[in-house]
Amino acid sequence: MNGDQILQELNQLDLSYADIAKAMNISRVTVSLVANRKGHSRRIARALAIALDKPVEEVFPDRPKYHHRPDPAQRLRLLAAVRDAADAA
């Protein structure tokens with residue numbers, strides 16, 4: 001997926017880069033940079049994949065360094081944080 005596709009799918013889920021950023025205590029620009037392949041962060045890539053409910057390999061097939069599965073508890077905590085940030089917005 002490219003950055004536009006990631007953003008489009010997030011919007012379909014009523015989520016945004018700002019929601020991801022708020023849940024992670026980082027800037028929206030940082031999330032956008034990773035989604036658009038202008039920045040590198042396995043943690044942000046995983047957060048985007050979790051928010052989209054897709055494997056990171058599907059969201060970032062061109063970034064093999066990101067192809068690592070977090071433990072299920074970490075995934076659930078991050079997903080809850082993203083959803084909470086979206087609800088608070």
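A nonpolar core is a set of buried Ala, Val, Leu, Ile, Met, Phe, Trp, Tyr and Cys residues joined through side-chain atoms within 4.5 Å, where buried means under 20% relative accessible area with a 1.4 Å probe and protein chains only (exposed is over 50%, partly exposed in between). The model here is predicted, so local features need pLDDT of at least 70 and side-chain atom pairs count only at pLDDT 80 or more, while totals for chains, interfaces and linings use all residues. Residues are numbered from 1 along each chain as its sequence is written, and side-chain values use heavy atoms, leaving out hydrogens and water.

Let's start with the core. The largest one has 27 residues, and I6, L10, I20, L48 and F60 touch the most other members. At least two residues each come from α1 (3–12), α2 (17–24), α3 (28–35), α4, α5 (56–59) and α6 (72–88); helices are DSSP runs of H or I, at least four residues, numbered from the N terminus. With 8 residues, α4 gives the largest share.

Now look at two residues and their contacts (heavy atoms within 4.5 Å). Leaving aside residues up to four places away in sequence, L48 touches I6, L10, Y17, I20, V31, A35 and F60. I44 sits in helix α4, residues 42–52, and is buried at a relative accessible area of 4%. Beyond four places in sequence, I44 touches M24, I26, T30, V31 and V34.

Finally, the rings. The structure has 1 aromatic pair: F60 and Y66, edge-to-face because their centres are 5.3 Å apart and their planes stand at 85 degrees. Rings of Phe, Tyr and Trp (its six-membered ring) pair with centres within 6.5 Å, and planes under 30 degrees apart are stacked, over 60 edge-to-face, the rest tilted. F60 is buried at 0% relative accessibility, and Y66 is buried at 4%.
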